[in-house]
Amino acid sequence: MTAPGQGAHTPAVRELDAACYHAARGFLSLLLDELPERDRVDGELVTVLGSARAALTGKPRPYWTRNVWEKPLLVEFASVGEAAKALRSIQRNWAYLPSRLHRRAALIADKLPPLPSKPKAFPFVPPNVPMGAFTLLDENTMLASPLCSSPFPNGEFEFEEDREGPPSRAYRKLWEALVVAGAHPAAGEKCVDAGASPGGWTWALARLGADVLAIDRADLEPRVAELSNVRTMRHDAFTLKPRDLGRVDWLCSDVICYPPALFEWVSSWLESGLARNFICTIKMQGAGFDKATTDRFASIPGSRIVHLWHNRHELTWINLGKDRTA
Ligand SMILES: C[S@@+](CC[C@H](N)C(=O)[O-])C[C@H]1O[C@@H](n2cnc3c(N)ncnc32)[C@H](O)[C@@H]1O
């Protein structure tokens, strides 16, 4: 990755045999553990080149990412204007990922079309237009990708929040999971919300018109518990068997527990055939990452495991009935 020679006026753009992973916010160290064969780290971006990249093909993508750069390019340029022009000539949308030379990178970003930044009202369909990303490697070299796995700039977006209805802000990660899933409970569908207190997820499900059974060892906020389509059960969710609860359209869990306990409970539901769709938070303990159990979730047919923008030290397991049986 060398700088261009003096007097270069046409940017040199070349495809890279590389995979670039933008770490989930605050979890670069966990992503680095997942990618021991990495070649370089630029800010929160981890790049794997050549044969090490080929070795990743066909494997589940690293979990602790917020965005994958799917078509990495190396762009060599002589000036800020030339860099911006090179990006604009490829496509419209480019998010700047800070790593180094911030002032120069900001000048390039200023010359690019503005990106959508308005908070989004739930539910919404993610934009179906390419979203690129770039960062500076040195004064005359950019790493860029016109295609990224996330349709949002650097994987980030905000919802239009409701500051009065929900008693916690946890509802935003359920909303994001449903946006990523491309589906949400319909009015009258039956949802179980395990680990429901104080009631953010239950509020979000009830607002969609679903019938919600909210289970927690603690009480829900009364204003959620009293909604006409919410029933509450003060109980350990994991000692309840699928046959105790019957058929459900959406089984949701935000229970704080060790991942194997969640896996065991979810497995009993899968075996019963009584739950159609699952959205569950896999919460990590301490500073660590239970990769073995996460891999077990990932191996369930039709599974997606994502680190959502609204997740913390946790991953979200999404499994829809239509994908499980496809
Ligand atoms: C992160 S909070 C859930 C927040 C909730 N999703 C919301 O939107 O407000 C985790 C909850 O799991 C509950 N919990 C922990 N172990 C549980 C268990 N075995 N059964 C039921 N609830 C449990 C806790 O009481 C706590 O209320």
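**Note on the ligand site and salt bridges**

1. An oxygen atom of the ligand lies 2.9 Å from a polar backbone atom of Gly200, a polar contact (a pair of N or O atoms within 3.5 Å). Taken alone, the ligand exposes 600 Å², of which the protein buries 85% (Shrake-Rupley method, 1.4 Å probe).

2. The model is predicted, with local features requiring pLDDT of at least 70 and side-chain atom pairs pLDDT 80 or more, whereas totals for chains, interfaces and linings use all residues. Residues are numbered from 1 along each chain as its sequence is written, and side-chain values use heavy atoms, leaving out hydrogens and water.

3. There are 18 residues around the ligand, and those that come nearest are Ser168, Asp216, Asp236, Ala237 and Asp254 (near: a heavy atom within 4 Å). By class, this shell holds seven nonpolar, six polar and five charged residues, where Asp, Glu, Lys and Arg count as charged and Gly as polar.

4. Asp254, one of the residues that come nearest to the ligand, also meets the side chain of Lys173 in a salt bridge, 3.2 Å from N to O (a side-chain nitrogen of Lys or Arg within 4 Å of a carboxyl oxygen of Asp or Glu). The whole structure contains 19 salt bridges.

5. Arg163 and Glu161 form another salt bridge through their side chains, at 3.9 Å from N to O. Arg163 is exposed, at 67% relative accessible area, while Glu161 is partly exposed, at 24% (buried under 20%, exposed over 50%, partly exposed in between; 1.4 Å probe, protein chains only).

Key: A polar contact is a pair of N or O atoms within 3.5 Å; within protein, one must be able to donate a hydrogen and the other to accept it, and residues adjacent in sequence count only if both atoms are side-chain atoms.
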